[in-house]
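Visitor: I would like to learn how to read a few features of a model. Could you take me through them one at a time?

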Amino acid sequence: MIKKRMGTVFNEKLCGGFRRMCKATDMIRIGVAATLVMVCIAAAQAKSRQTFTWNKNAWVAFDESVTATVECPDPAATEWVKAHFAEWYGAHSPKVTSGKTSLEVQKDDEAYAAEVDATGVKIASRMIAGARWACYTLRQIAIAKRGTFTTEGMLLPTLKISDAPHLPFRCMHFCWFPEVRPQQIERAIRLAALMKFNYAIIEPWGMYKSEKHPWWPWPQANMTKAEVNRLVAIGKDIGITLIPQINTYGHATSARGCTLKHSALDLNPEYEPLFEPGGWNWCLSNPETQRVLRELIAEMHENFGNPPFFHLGCDEAEPQTCPECVKTPNAELVCKHITGLAEFVKSRGARAMIWHDMLLDRKDPRWAGFTVCGNAETGKIIDKLPKDIIICDWQYQDTPQHKKDALDKWPTMTYFAEKGFSVAGCPWLNDYSMKPIADHIVRIGGFGFIETTWHHLRGSDWQKIYRGSAYAAWGSPVSHDVSFQRSLRLVGNDMKLTDYLDTGHLNHQVPPAWWAN
């Protein structure tokens, strides 16, 4: 889903300096001059759930001489900490034991508290998730001991933190393009977990190697069942659940519209009856379309470990032109199609997710200035859809007008919530809007936050997307003055990367074509 209608052309120099971020939606830069720094981040529209003190002039050893005490009702938390400390710190890993810490933990399943001083490290949580987040916080802050040739243990500043998330559903949305290396997807997933996202939607742009329908992807598809199984297992270990997506209405090409490619029809034209003339939409009147989509949904859902959600896409569709489709009123046809697939997802024990834009009339003055792609007919569908569908409302505005007038007013999200639907707010590159969207979702009792990435999971945009959205979704800093470069390197180290192309936030420092002649 590439938003051509946003009217913006994104030009990016291949190699540019990191942009310093001082905006409300980015990480709060923590002063280093003071001996003791108290960080109490007050969100613009919602109170932060984090208190954090640290002394950056008082560093203590974080190595094999130190004991880390973990307090959690789930004994698996201590074992997880022990295993991952060993993975990250090797022979210099602190000793890990379970026990009482006297730390107070907020009333939230993902909350945690941590303390570091000369006596050791203490971690307390209610569930294993909180223990993970505590370890990720400490890992980002820890630095190697000074004055040695190679790492001989780590250092941590003395600190005390009590932390809990702003929203329970914090999600990244990734696109698996043919041009994206599998290592890039894994890095993106691992980095999302490190920055405390607990879900990731994977949208395969013609790259899921279906065994049931091998004609559907590109021939070079490398999103194989084995690779998905591997990534799902990694996600389970590091605390992030992977959610599959299939575009079941518009975007049936599984390719960017500006390329005029179609993953199925360009190489397998015999399947044309499954699509609208032109191929952008699936043909909704053809019963074979429902059969094929249900088989693909079942295949992917099982491959992803039967997660609790499945994204059905449904954005930016074109009006039906198929001679069979036009015999049925547009709203009736679309509603029946989406409802049927949503009910099928429900039968598999999951909830369907769809994009919001086709459910609103673009001529309705209530939505002026906001993302809307539907018409008067499709705008009526919302009242007939099952209420357990999660509406993913993507709003990419970041204009001066929106900064001034609408950062705390997201009428489309409020509308869907008032209709009785669970709503997720979904920004993209509009970093001024990330935190206000998350705050608004909290105010209306919404479902969660989904940060979209599309074709910009690269370069300085990658940093902008992660840092702003992580702060918005969690509600307070997740990296504590740690550079994005170092966080990216940590997950690369976990992957034991060996290829130059898989490091940094760009594959190349200069375009390879420069040296072709």
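**Reading contacts, cores and a sheet**

Guide: Leaving aside neighbours within four places in sequence, Ser-476 is in contact (heavy atoms within 4.5 Å) with Ser-48, Gln-50, Asp-163 and Tyr-471. This is a predicted model, in which local features need pLDDT of at least 70 and side-chain atom pairs count only at pLDDT 80 or more, while totals for chains, interfaces and linings use all residues. Residues are numbered from 1 along each chain as its sequence is written, and side-chain values use heavy atoms, with hydrogens and water left out.

Visitor: With which side chain does the side chain of Ser-476 make a polar contact?

Guide: A polar contact is a pair of N or O atoms within 3.5 Å; within protein, one must be able to donate a hydrogen and the other to accept it, and residues adjacent in sequence count only if both atoms are side-chain atoms. Here the partner is the side chain of Gln-50, at 3.3 Å.

Visitor: Is Ser-476 buried or exposed?

Guide: Buried means under 20% relative accessible area, exposed over 50%, and partly exposed in between, with a 1.4 Å probe and protein chains only. Ser-476, found in the loop between helix 10 and helix 11, is buried because its relative accessibility is 1%. Helices (H or I, at least four residues) and strands (E, at least two) are DSSP runs, numbered from the N terminus.

Visitor: Which residues touch the most other members of the largest nonpolar core?

Guide: A nonpolar core is a set of buried Ala, Val, Leu, Ile, Met, Phe, Trp, Tyr and Cys residues joined through side-chain atoms within 4.5 Å. In the largest one, of 157 residues, they are Phe-174 and Tyr-466. Apart from this core lies another, of six residues, Leu-103 and Val-105 among them.

Visitor: How many disulfides does the structure hold?

Guide: A disulfide is a pair of cysteine sulfur atoms within 2.5 Å, and the structure holds zero of them. The sulfur of Cys-325 has its closest cysteine sulfur in Cys-283, but at 3.8 Å that is too far for a bond.

Visitor: What is the strand order in the open sheet of eight strands?

Guide: Strands of a sheet pair through backbone hydrogen bonds, either parallel or antiparallel, and two strands pair if DSSP finds at least two bridges between them. In this open sheet the order is 11-10-9-16-15-14-13-12, with parallel pairing. Strand 11 (241-244) and strand 12 (309-311) stand at the edges, each with a single partner strand, so one side of each is left without a neighbour in the sheet. Four bridges join strand 10 (residues 199-204) to strand 11, and Ile-202 stands opposite Pro-244 in strand 11.
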